[in-house]
Amino acid sequence: MNDKPQALPSFGTIVLAAYKPDPALFARQLLSISKQTHANFECVITADGDPEGVSRLVRSILPGDDRFRVAGFGDRLGFYGNFERGLTLVPPSADWVALSDQDDYWYPEKLERLLPHLESAVLVTGQARVVTDSGRVVAESTMRRRTDICDLLVQNQVTGGLCVFRRDLLEVILPFPRLSTLTQNHDHWIGVAAAALDDYVIVDDIVQDYVQHAANVIGEATESFNPLRSLRRARELALKFENSTSVPSVAVMVANMTFGWKALMLGTLEKRMPERTHSLEAASKTFNGPWAVFRIVALLWRGVIGSRTDLGPALTHLIGLFGRRQATRRLTAAES
């Protein structure tokens, strides 16, 4: 008996978010996508400003390849809004959706390796080798691991540029929820939505190079946790978002980044998924209610001991517990 998932002879849409791409890295990425062994796709490139410049680049890199089209927009939304805008352009004929950054490098069999898993899951994500833009290897693998929804809410394991998902997930994730915080992230939102459906997988296949460089909006974490560096960063963000570097202000800022964002994701899913799954019920029970603080502390402890949560995110969430009530009140007021 062959238990290996069978390939899908399916059509899909790759959404590539572009903003002032480096011409050499952009060309390398587009060519790697064009050479996929699963060739039945279209690639929608959403240009977040300067659409004509991006269109000229695409035409020069892939002349005559009509699978690639640029959706130009003059207004600048940032990566979160740009990916959302691209996902609204996925046609009804698509069976699956993949996300792409503008400066990575896909291995030829990426789609061929990942797509078969959509026979049994709504989303699949693989691993990447982390390299610099000069080609130096920083890490041989991103070492993503599948966790349940509660651990996933604490520490994201789903990277947008590594995953492929079924088109019907768009009905749950669009439009994206909005919260003015650095942790508002499209791949975390998509991953949590898939986990809420009890239906995502992470495989060990290394399917691409992830290019780490100074221009990354959100880079791959390759340094060990440094408490002093984290404290300095927390004070900088508290000054930016709370206009103060006091301990209460830092706690509220951290709580907004952690528990405010979680509350928004869970609240959005509860509204869009009237039939609650086991995973969504478990997450709501853990993060809401009068005993939530004790359940959260237990979750963080078990996550660190079980190597499902790194020490840095666990400590960040413990700090956030001190400002959690005020951050939740702000979110409730914003939604009303």
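The protein chain contains 13 helices and nine strands in this predicted model. Of its 336 residues, 53% are buried. Among contacts in the protein chain with a separation of 6 or more, 78% are between residues 24 or more positions apart.

Helices α1 (residues 23–34) and α2 (residues 51–61) have axes that come within 10 Å and cross at roughly 55°. An angle of 65 to 115 degrees would count as roughly perpendicular and one under 35 degrees as roughly parallel; α1 and α2 are therefore oblique to each other. The crossing in which α1 passes α2 is right-handed. On the α1 side, the contact is formed by Pro23, Phe26, Ala27, Leu30 and Leu31, and on the α2 side by Val54, Leu57, Val58 and Ile61. Classified by residue type, this contact of α1 with α2 comprises nine nonpolar residues, with no polar and no charged residues.

The loop between α1 and β2 (41–48) holds His38. The relative accessible area of His38 is 13%, and buried means under 20%, so His38 is buried. In sequence, His38 and Arg113 are 75 residues apart, while their C-alpha atoms are 9.2 Å apart in space.

Helix α3 spans residues 78–87, and nine of its 10 residues are buried, so α3 is largely enclosed by the rest of the structure. The buried residues of α3 are Gly78, Tyr80, Gly81, Asn82, Phe83, Glu84, Arg85, Gly86 and Leu87.

Strand β9 (residues 200–212) is paired with β5 and with β6. Strand β5 (residues 105–106) runs antiparallel to β9 and is joined to it by two bridges. Within this pairing, Trp106 has Gln208 of β9 as its bridge partner. Strand β6 (residues 123–132) pairs with β9 in the parallel sense, over nine bridges. Here the bridge partner of Thr125 in β9 is Ile202.

Met265 is located in helix α9, which covers residues 247–272. With a relative accessibility of 0%, Met265 counts as buried. When residues up to four places away in sequence are not counted, Met265 touches Leu153, His188, Trp189 and Val192. Met265 and Phe176 are 89 residues apart along the chain, and a distance of 9.2 Å separates their C-alpha atoms.

A further helix pair is formed by α10 (residues 278–287) and α11 (residues 292–305), whose axes come within 7 Å and cross at roughly 110°. The angle makes α10 roughly perpendicular to α11, because the range for this class is 65 to 115 degrees. In this contact, Lys285, Thr286 and Phe287 of α10 meet Ala292, Arg295, Ile296 and Leu299 of α11. By class, the contact of α10 with α11 has four nonpolar residues, one polar residue and two charged residues. The contact of α1 with α2, in turn, has no polar and no charged residues.

Methods
Residues are numbered from 1 along each chain as its sequence is written. This is a predicted model: local features need pLDDT of at least 70, side-chain atom pairs count only at pLDDT 80 or more; totals for chains, interfaces and linings use all residues. Side-chain values use heavy atoms; hydrogens and water are left out. Buried means under 20% relative accessible area, exposed over 50%, partly exposed in between (1.4 Å probe, protein chains only). Helices (H or I, at least four residues) and strands (E, at least two) are DSSP runs, numbered from the N terminus. Axes are lines fitted to C-alpha atoms, for helices over the stretch in contact, and angles run from 0 to 180 degrees between N-to-C directions. Angles under 35 degrees count as roughly parallel, over 145 as roughly antiparallel, 65 to 115 as roughly perpendicular and the rest as oblique. A crossing is left-handed if the near helix is turned anticlockwise from the far one by less than a right angle, and right-handed if clockwise. Contact means heavy atoms within 4.5 Å. Ala, Val, Leu, Ile, Met, Phe, Trp, Tyr, Cys and Pro count as nonpolar, Asp, Glu, Lys and Arg as charged, and the others, Gly among them, as polar. Two strands pair if DSSP finds at least two bridges between them.
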